[in-house]
Amino acid sequence: MANEQNTSRTSQRSDPGWKHCHPLDDTNLNTIVCNYCGKIMKGGVTRTKEHLMAKKGNVVACTKTPKNVREELWNLLKEKTTTCSVNHVYGATTCDNIESEDEVEISTASNDRERNSGGKKGPMDAFIRNPNVVIEKRKREQLTQTNIKEACDKNLKASVHQYIARFWYQAGLSFNLVRLKSFQDMIDAIGAYGPNLPTPSYHEIRVPLLNKEVEYTEKLLKDHKLQGSRHGCFIMSDAWTDRKQWCLINFLVSSPAGTMFVKSIDGSKFVKTGEKLFEMLDALVEDIGEENVVQVITDNGSNYVFVGRLLEAKRPNLYWTPCAAHCIDLMLEDIGKIPLIKKTIQRGVNLVGFIYSHSSTLSLLKQFTNKRELVRHAVTRFATSYLTLQRLYQEKGNLRKMFASDDWSKNKLYKEAKGKEATKIVLMPSCWNHVVFTLKVMAPLVHVLRLVDGERKAAMGYIYETMEKAKETIMKSFNNNESKYKDVFTIIDNRWTCQLHRPLHTAGHFLNPEFYYSNPEMEYDLEVTNGLYACIKRLVPSKDVQQKNLTELPLYKSGSGLFGDDFAKESRKTTTPDET
């Protein structure tokens, strides 16, 4: 029996193409391995010969096949084709890789001869094919091959994706990591390698590959340092307290190339004393080069204000600036202390807390809001107060239906004190009026916070204009009735004018083409122009360079030279100043 099987396999491998390939498994002659490039293919020896010959259509060409082998296979194909054609002429009914008889049609001249000769076909008539028939056949074949390929690809892709997802779930990775460019790069690299990619070992991931990644990161940072020395950079310190009450301080450097992490230290012992903070920031300025540093940005605490004064005193060519996001957040905190707004926020927080602390009320909420969630208040960021009230107001109708429903009246919490208070809040019209008042005050400031706390564009050229627009929006929302927003403006002016507002902001506003060319009268605004000249004087130590800047300023004002170029005009509102 075994001899019969061996004889059968030998007869099946009589094709000349077997000299250049071998089956992956002797029991399966459909899965073949190329002897030259090692590619594994399905489709038998015929598909493999097309791979070796670099024949277009069904398979990727082999790049390592010797020239004489490729020529030999092409000659064998031509001989086979010629033999098949002759057999067809003399009455043979089968032939490999040649069109069938129903696709052969006699030409017009042959038809004439056929009619004149009593319907007999000549030997050469078999080689005259109707182009339309041939084209239709090829279309059918391509469509069939495409459908098969798509089905195979779809199933294979689903299988691969499932393995990736399983790894994701087992490792407990964030779903947002799928959006990382490095993840796509990894997928592309694995696909380019092909089958049988060995996994890196524990040691390789932990030591040599990590060292290589450090080297790669250092190369990336060279561009950051180059951009910082060419266009200037910002030094930022960000202090935060972990669950163990340790105060960690991160130091970062930001330039047009992006934000670069420098180091992180434990500042628990000295964070409240300005002298040590000053020493660390001053050393970082010295390391980067004072001539490359435009500003140092820190929190707005009294210890950092002290550090800022020391830095500006020692370093006459840079600015200290409090963090804009921190200042806006403190504005919102102060506004939240106004009695009416404080009461409104507290009601909203209590309502959301009550709903989420009981499974029955949470189930009712999902039922009436179509599973939309409310926003729960966060203690550390006061912008969440606005978000909490905003979502409550968006779901106002659904919440009123919920607390007026029979399901709620039958709930055991309905008669409890907290349940009655929640019902009172939701059904009270004046409560919703106060929510609207609070949203009118806070919404424009939250818009500013999103600008300065995001990374979509450099905020320096937009802070001044955005704050002015925020104040205008608040005034218009109350129809310029000053009595309604007087206390709010007192808080905004105190934080903005006394703490956040700096010459850099007015200079950035003046040098932003989007704002300047839409309001040329800006050059007569003393607050803006004084800030511009103060920046030139402080940031540019060279008198010659200062004078050069002042002589080029009229070109910018009048939109002359390169500033008047059609391309520059078109990009005034589409390109941020740091991109020009």
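**Exercise 1. The crossing of H15 and H17**

In this predicted model, determine how H15 passes H17 and which residues meet there.

*Solution.* 
Step 1. Take the handedness. H15 passes H17 in a left-handed crossing.
Step 2. Locate the helices. H15 covers residues 396–403 and H17 covers residues 417–427.
Step 3. Read the geometry. The two axes come within 9 Å and cross at roughly 135°. H15 is therefore oblique to H17. The cut-off matters here: roughly antiparallel needs an angle over 145 degrees.
Step 4. List the contacts. H15 contributes Leu399, Arg400 and Phe403. H17 answers with Ala422, Thr423, Val426 and Leu427.
Step 5. Sort by class. The contact of H15 with H17 has 5 nonpolar, 1 polar and 1 charged residues.

**Exercise 2. The crossing of H12 and H18**

Work out whether H12 and H18 are roughly parallel or roughly perpendicular to each other, then describe their contact.

*Solution.* 
Step 1. Locate the helices. H12 spans residues 339–356, and H18 spans residues 429–453.
Step 2. Read the geometry. Their axes come within 9 Å and cross at roughly 110°.
Step 3. Classify. Angles of 65 to 115 degrees count as roughly perpendicular. H12 and H18 are therefore roughly perpendicular to each other.
Step 4. H12 passes H18 in a left-handed crossing.
Step 5. List the contacts. From H12 come Leu340, Ile341, Thr344, Ile345 and Arg347. They meet Cys431, His434, Val435, Phe437, Thr438, Val441 and Met442 in H18.
Step 6. Sort by class. The contact of H12 with H18 has 8 nonpolar, 3 polar and 1 charged residues.

**Exercise 3. Leu451 in its surroundings**

Leu451 lies in helix H18. Decide whether Leu451 is buried or exposed, and find what Leu451 touches.

*Solution.* 
Step 1. Check the area. Leu451 has a relative accessible area of 15%. Buried means under 20%, so Leu451 is buried.
Step 2. Leave out residues up to four places away in sequence. Leu451 then touches Lys457, Ala459, Tyr462, Ile463 and Thr466.
Step 3. Look further along the chain. Ala324 is 127 residues apart from Leu451, yet their C-alpha atoms are separated by 9.7 Å.

**Exercise 4. Glu465 and Ser558**

Assign each residue to its helix and its accessibility class: Glu465, then Ser558.

*Solution.* 
Step 1. Glu465 is found in helix H19, residues 463–477.
Step 2. Classify Glu465. Its relative accessibility is 19%, so Glu465 counts as buried.
Step 3. Find its partners. Setting aside neighbours within four places in sequence, Glu465 is in contact with His509 and Phe515.
Step 4. Helix H24, residues 543–558, holds Ser558.
Step 5. Classify Ser558. At 48% relative accessibility, Ser558 counts as partly exposed.
Step 6. Relate Ser558 to Pro520. The two are 38 residues apart in sequence. From C-alpha to C-alpha they are 8.9 Å apart.

**Exercise 5. H2 and what follows**

*Solution.* 
Step 1. Name the buried residues. They are Gly44, Val45, Thr48, Lys49, Glu50, His51, Leu52 and Met53.
Step 2. Step past the helix. Ala54 sits in the loop between H2 and helix H3 (67–89).
Step 3. Classify Ala54. Its relative accessible area is 30%, so Ala54 is partly exposed.

**Exercise 6. The whole chain**

State how many helices and strands the chain has, and what percentage of its residues count as buried.

*Solution.* 
Step 1. Count the elements. The chain has 25 helices and 8 strands.
Step 2. Of its 580 residues, 35% count as buried.
Step 3. Consider the surface. The chain exposes about 36600 Å², with 53% supplied by carbon and sulfur atoms.
Step 4. Consider the contacts. Take those with a separation of 6 or more: residues 24 or more positions apart account for 56% of them.

Note on methods:
Residues numbered from 1 in each chain as written. Predicted model: local features only at pLDDT ≥ 70, side-chain atom pairs only at ≥ 80, totals over all residues. Heavy atoms only, no water. Helix = DSSP H or I, 4+ residues; strand = E, 2+ residues; numbered from the N terminus. Buried < 20%, exposed > 50% of the residue type's maximum accessible area, 1.4 Å probe, protein only. Contact = heavy atoms within 4.5 Å. Areas by Shrake-Rupley, 256 points an atom, 1.4 Å probe, with all protein chains shown as cover. Axes fitted to C-alpha atoms, helices over the stretch in contact; angles between N-to-C directions. Parallel < 35°, antiparallel > 145°, perpendicular 65-115°, else oblique. Left-handed = near helix turned anticlockwise from the far one by under 90°. Nonpolar A, V, L, I, M, F, W, Y, C, P; charged D, E, K, R; others polar.
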